Amino acid sequence: MSRIVYLNGDYLPEEEAKVSIFDRGFLMADAVYEVTAVLDRKLTDFEGHVARLDRSLNELGMAMPLTRDELLEVHRELVKRNDVVDGGVYLQITRGAPSDRDFVFPDPETTPQTVVLFTQSKPGIANSPAAKTGIKVISIEDLRWHRRDIKTVQLLYPSMGKMMAKAAGCDDAWMVEDGKVTEGTSNNAYIVNGNKIITRELSHDILHGITRAAVLRYAREAQMEVEERAFSIAEAQAADEAFITSASTFVMPVVEIDGAKIGTGTPGPVAARLREIYLDESMKAAI
Ligand code: PMP
């Protein structure tokens, strides 16, 4: 069955939603995006995603085309119209479609932004089998640009990273710069030693994960120790546990890095506990 999607103020069947070939999202990756998880028909961490969207747009000199309330209404309407129980809402805002290709930004007065939202249905994501077995990652060099804190649609290198992982029989790749892990292709990276959770500090080097912020808050509330600093692949391979976080995977254990088993090679107790707390609290706070 075809989805109903949102394009510039209209709700349309996906086949009828068309964007210009001159759209700067298409020609220049001049666009930002967000993905908000849907659990039991409700939106998780909505405020965090809107705040980050606002920041990404600001960093690129783009305006926020809809208010927070309007965005919430579109998210909710799409979840309802597409009968999404579990999954996510994808949102993308581009600098619009000028009349020709040009490196210079178009005048926002004459070139309105393109706003697209669509849903992705993933029944039962909270009970994903991968969370019970854990995932395997490889390490690759981080070849992305240096403003990874802006959530742009320049996803070619992360996409190549996933393909490299797949070719190596693994699930994902952790990117490494100057000997230290930055993050996963579409998630933040963590290691655990005893009761201590270690993850890279916020900077332009990584995306400021909305799930990361929530998980670190819950970890501190649960009396776990949190250390925000960079770590190497060797340190990760020697850690008790490793895991990733993102809006679509929540907390996902990592059981192997570059062929080396982490701890016992099975999901550890800290990652499992954080996943449970995160899912419980997110469901409670979902709107
Ligand atoms: N890092 C990168 C590079 C990502 O693409 C994502 C997910 N979009 C994340 C981290 C996790 O962010 P969030 O928890 O907000 O989904």
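Me: Which strand is Val116 found in?
Reply: In this predicted model, Val116 belongs to strand 6, which covers residues 114–121.

Me: And what is Val116 in contact with, leaving aside its neighbours within four places in sequence?
Reply: Its contacts are Tyr6, Leu7, Val19, Tyr90, Leu91 and Gln92.

Me: How far apart are Val116 and Ala51 in space?
Reply: Their C-alpha atoms are 18 Å apart, and 65 residues separate the two in sequence.

Me: Let us turn to the domains. How is the protein divided?
Reply: There are two parts: domain 1 spans 4–122 and domain 2 spans 130–285. Taken over C-alpha atoms, the centres of the two domains are separated by 26 Å.

Me: How many residues of each domain are in contact with the other?
Reply: On the domain 1 side there are 21 residues, and these touch 20 residues of domain 2.

Me: How much area do the two domains bury between them?
Reply: The buried area is about 1800 Å², with 64% of it on carbon and sulfur atoms. Tyr33, Leu39 and Arg52 provide 33% of what domain 1 buries against domain 2, more than any other three residues.

Me: What about polar contacts and salt bridges between the domains?
Reply: Seven residue pairs are in polar contact across domain 1 and domain 2, with both residues at pLDDT 80 or more. The number of salt bridges between the two domains is two. Arg55 and Asp149 form a salt bridge through their side chains, with N to O at 3.0 Å.

Me: Which elements supply the side of domain 1 that touches domain 2?
Reply: Strand 3 (31–39), helix 2 (46–59) and strand 5 (87–94) each contribute at least two residues to that side. Strand 3 gives the largest share, seven residues. Sorted by class, this side of domain 1 has nine nonpolar, five polar and seven charged residues.

Me: Now the ligand. Which residues come nearest?
Reply: There are 17 residues around the ligand, and those that come nearest are Arg52, Lys151, Glu183, Ile210 and Thr211.

Me: What are the distances from ligand atoms to Glu183 and Thr211?
Reply: An N or O atom in the Glu183 side chain lies 2.7 Å from a nitrogen atom of the ligand. For Thr211, an N or O atom of the side chain is 2.6 Å from an oxygen atom of the ligand.

Me: How many salt bridges does the count come to?
Reply: The count is 24 salt bridges.

Methods: Residues numbered from 1 in each chain as written. Predicted model: local features only at pLDDT ≥ 70, side-chain atom pairs only at ≥ 80, totals over all residues. Heavy atoms only, no water. Domains from an automatic or database assignment. Contact = heavy atoms within 4.5 Å. Buried area = accessible area lost by both parts, 1.4 Å probe. Salt bridge = Lys/Arg side-chain N within 4 Å of Asp/Glu carboxyl O. Polar contact = N/O pair within 3.5 Å; in protein donor to acceptor, adjacent residues only side chain to side chain. Helix = DSSP H or I, 4+ residues; strand = E, 2+ residues; numbered from the N terminus. Nonpolar A, V, L, I, M, F, W, Y, C, P; charged D, E, K, R; others polar. Near = heavy atom within 4 Å.
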